[in-house]
Amino acid sequence: MRRLLRSFVFAWRGLAHLAASQRNFRLHLFLAAPLVIAAAAWLDLAVWEWAALLLCIALVLGLEAMNTALEILADRVSREHDPVIALAKDAAAAAVLLAALGAAVVGLIVFLPHL
Ligand SMILES: Nc1ncnc2c1ncn2[C@@H]1O[C@H](COP(=O)(O)OP(=O)(O)OP(=O)(O)O)[C@@H](O)[C@H]1O
């Protein structure tokens, strides 16, 4: 039980760091996600629609977090210009982009019929 609690503390610390240091993460967490949730509540969406939207929010935020983790590690490995680090960072950025595009498509599929 104490181990589980410690894991939550570490994860919470990670969230606090992301919110304090990453502009994109802040935008998703404090602007995009609340807007989507407010619109979903206003439109009285079905359970599956809520599930799809919440999953998208979690996916985008989670991949933003992983992208930041990789950037931090890459910067610790080398601050010099390195084509391999560029590949790794670009791939992580692509993961975020793909999730954001998928979330946008899901948003259109869910919201358009209600509007
Ligand atoms: N050490 C490096 N060597 C080579 N290319 C790099 C290096 N660091 C960053 N880059 C290039 O710059 C891009 C942006 O990297 P950076 O670490 O500045 O991320 P960022 O601007 O903070 O991105 P994000 O908005 O996703 O947080 C990378 O995708 C990569 O193409």
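**Figure 1. Segments annotated as transmembrane in the predicted model.** For "transmembrane region", an unreviewed UniProt entry lists residues 27-45, 51-70 and 91-112. The coordinates shown here and in the other views are those of a predicted model. Residues 91-112 are 95% helix and 0% strand, with 31 Å between the end C-alpha atoms.

**Figure 2. Overall fold of the chain.** The chain has 4 helices and 0 strands, and read from the N terminus its elements run α-α-α-α. Along the principal axes, the C-alpha atoms fill a box of roughly 50 × 40 × 20 Å. The radius of gyration of the chain is 17 Å, whereas a compact globule of 115 residues would have one near 13 Å. Buried residues make up 10% of the 115 residues. Of the contacts between residues at least 6 apart in sequence, 70% join residues at least 24 apart.

**Figure 3. Residues around the ligand.** The shell around the ligand consists of Asn24, Asn67, Glu71, Ser78, His81, Asp82, Ile85, Ala86, Lys89, Asp90 and Ala93. By class, 3 of these residues are nonpolar, 4 are polar and 4 are charged. Helix H3 (47-77) and helix H4 (83-111) each supply at least two residues of the shell. The largest share, 5 residues, comes from H4.

**Figure 4. The largest nonpolar core.** This core is made up of 8 residues: Phe25, Ala40, Leu53, Cys56, Val60, Leu61, Ala103 and Val110. Helix H2 (23-42), H3 and H4 are the elements that give two or more residues to the core. H3 gives the most, with 4 residues. Leu53, one of the core residues, touches Val36, Ala40, Val106 and Val110, leaving aside residues up to four places away in sequence.

**Figure 5. Binding-site annotation at Arg3 and Glu64.** An unreviewed UniProt entry places the feature "binding site" at Arg3 and Glu64. The two positions are spread over 62 residues of sequence and are also spread in space, up to 25.6 Å between C-alpha atoms. Arg3 is found in helix H1 (residues 2-21), while Glu64 is in helix H3. Which of the two classes, buried or exposed, applies to Arg3? Arg3 counts as exposed because 6 other C-beta atoms lie within 10 Å, and the limit for this class is 12 or fewer. Glu64 is buried, with 23 other C-beta atoms within 10 Å, where 20 or more are required. Not counting residues up to four places away in sequence, Glu64 touches Gln22, Asn24, Phe25, His28 and Val96.

**Figure 6. Binding-site annotation at Arg3, Glu71, Lys89 and Asp90.** The feature "binding site" is also placed by UniProt, in an unreviewed entry, at Arg3, Glu71, Lys89 and Asp90. These positions are spread over 88 residues of sequence and also in space, with up to 34.6 Å between C-alpha atoms. Glu71 is found in helix H3 and is partly exposed, with 16 other C-beta atoms within 10 Å.

**Figure 7. Asp44 in the loop between H2 and H3.** Asp44 is found in the loop that lies between H2 and H3. Most residues other than glycine have a negative phi. Asp44 has a positive phi of about 55° although it is not a glycine. Asp44 is exposed, with 8 other C-beta atoms within 10 Å. UniProt includes this position in the annotated stretch 27-45.

**Figure 8. Gly14 and Trp42.** Gly14 is found in helix H1. Gly14 is partly exposed, with 13 other C-beta atoms within 10 Å. Gly14 and Trp42 are 28 residues apart in sequence, and their C-alpha atoms are 32 Å apart in space.

Methods: Residues numbered from 1 in each chain as written. Predicted model: local features only at pLDDT ≥ 70, side-chain atom pairs only at ≥ 80, totals over all residues. UniProt positions renumbered as here; feature names shortened; annotations may be inferred. Near = placed C-beta within 6 Å. Nonpolar A, V, L, I, M, F, W, Y, C, P; charged D, E, K, R; others polar. Rg over C-alpha atoms; globule rule 2.2 N^0.38 Å. Contact = placed C-beta atoms within 7 Å. Core = buried A, V, L, I, M, F, W, Y, C linked by C-beta atoms within 7 Å.
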